[in-house]
Amino acid sequence: MAQKTLADFLAEPFALTMSSGFFSFFAHTGMLSVLEERGAVPTRVSGSSAGALVTAAYAAGLDTARLERELVGLERRDFWDPRPGLGLLRGRLFDARLRAMLPVSTFEGCRIPAAISVFDVPSRKTVVRTTGDLALAIRASCTVPFLFHPVWAERRPLLDGGILDRPGLVGMPAGERVLFHHIVSRSPWRKADSEGLRIPKRDNMVTLKIHGLPRSGPFRLGEGRRALELAREATRRALSRPIEDGVVDVEI
């Protein structure tokens, strides 16, 4: 019997989870655009950091063409607001851009259920946000320590969801058929054998790994735009690849 391919997996209802990975929202958007062009709409989404931004924006009703335009047109001045504090950037410009971009303001207004992982500083635990202010939750999940000031909600400081939940899977209910887009990290801050870089094991989950994507950042936004296109091309090729031990690997 022939092995199932990624396209076979997407032919049935599935949920979507996207991992953190600094400015990997470019790559996530390129990957998601292929699902959208196939009409493969997830039943629910979850994510951390960059993955939270893309999945939540999509759940809110933003199509990938609009999200791509936002990202391709992004310049550092659009979010660069240095101010003394527990981080370099205040985050107000980022917050304003999110609110202008999102079609709805709350989780309750989303077209499909969304779950965003954030790091609660006082408890040192991952907290999943599924209700209330959507932009605040996305911004909190993207609050890279020392780059942004902490985000405050209910009098508690919040930081990047990828600190303890890099995959962004904590908010995904058990039993869901999940497509997990795993950013293959080349971060200089993580060891190669770091627990956070390992692909989690979960029943009914298929992991898509795209190897060789360029690393982006505030001073390398052009690389992010290139990563978006490369991720799109790689995902198209991945559709016909067999699923081996729950994973689809594709090289740039």
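# Questions on a predicted model

Colleague: R232 is buried, with a relative accessible area of 9%, where buried means under 20%, exposed over 50% and partly exposed in between, for a 1.4 Å probe and protein chains only. In which helix is R232 found?

Modeller: This is a predicted model, in which local features need pLDDT of at least 70 and side-chain atom pairs count only at pLDDT 80 or more, while totals for chains, interfaces and linings use all residues. Residues are numbered from 1 along each chain as its sequence is written, and side-chain values use heavy atoms, with hydrogens and water left out. Helices (H or I, at least four residues) and strands (E, at least two) are DSSP runs numbered from the N terminus. By that assignment, R232 belongs to helix α7 (residues 221-238).

Colleague: Which residues does R232 touch, not counting residues up to four places away in sequence?

Modeller: Contact here means heavy atoms within 4.5 Å. With residues up to four places away in sequence left out, the residues that R232 touches are G30, M31, S33, V34 and E68.

Colleague: On its other pairing, with β2, what is the bridge partner of T17, and what is the hand of the crossover?

Modeller: β1 and strand β2 (residues 45-48) pair in the parallel sense over three bridges, and the partner of T17 in β2 is S46. The chain crosses from β1 through helix α2 (residues 25-37) to β2, in a β-α-β crossover. A crossover is called right-handed if, with the strands pointing away from the viewer, the path from the first strand over the helix to the second runs clockwise. The partner is therefore S46, and the hand of this crossover is right-handed.

Colleague: How many residues of β9 are buried?

Modeller: Both faces of β9 are covered, with V178, F180 and H182 on one side and L179, H181 and I183 on the other, all of them buried. For β9, the number of buried residues is six of six.

Colleague: Which residue of β10 is the bridge partner of H182?

Modeller: Six bridges join β9 to β10, and these strands run parallel. The residue in question sits in strand β10 (residues 205-211) and is buried, at a relative accessible area of 18%. Among its contacts are H182, V184 and I199, and its name is K209.

Colleague: At roughly what angle do the axes of α2 and α3 cross?

Modeller: Two packed helices are described by the angle between their axes and the distance between the axes. Axes are lines fitted to C-alpha atoms, for helices over the stretch in contact, and angles run from 0 to 180 degrees between N-to-C directions. The crossing of α2 and α3 is right-handed, as a crossing is left-handed if the near helix is turned anticlockwise from the far one by less than a right angle, and right-handed if clockwise. The axes of α2 and helix α3 (residues 50-59) come within 9 Å, and the crossing angle is roughly 35°.

Colleague: Which residues of α3 meet α2, and how many of the contact residues are nonpolar?

Modeller: From α2, F25, H28, T29, L32 and E36 take part, and they meet A50, G51, L53, V54 and Y58 in α3. Ala, Val, Leu, Ile, Met, Phe, Trp, Tyr, Cys and Pro count as nonpolar, Asp, Glu, Lys and Arg as charged, and the others, Gly among them, as polar. By class the contact has three polar and one charged residues, and the nonpolar ones number six.

Colleague: Is P82 buried, partly exposed or exposed?

Modeller: P82 lies in the loop between α4 (64-72) and β3 (87-89), and it touches L88 and L89, not counting residues up to four places away in sequence. Because its relative accessibility is 48%, P82 counts as partly exposed.

Notes:
Two strands pair if DSSP finds at least two bridges between them.
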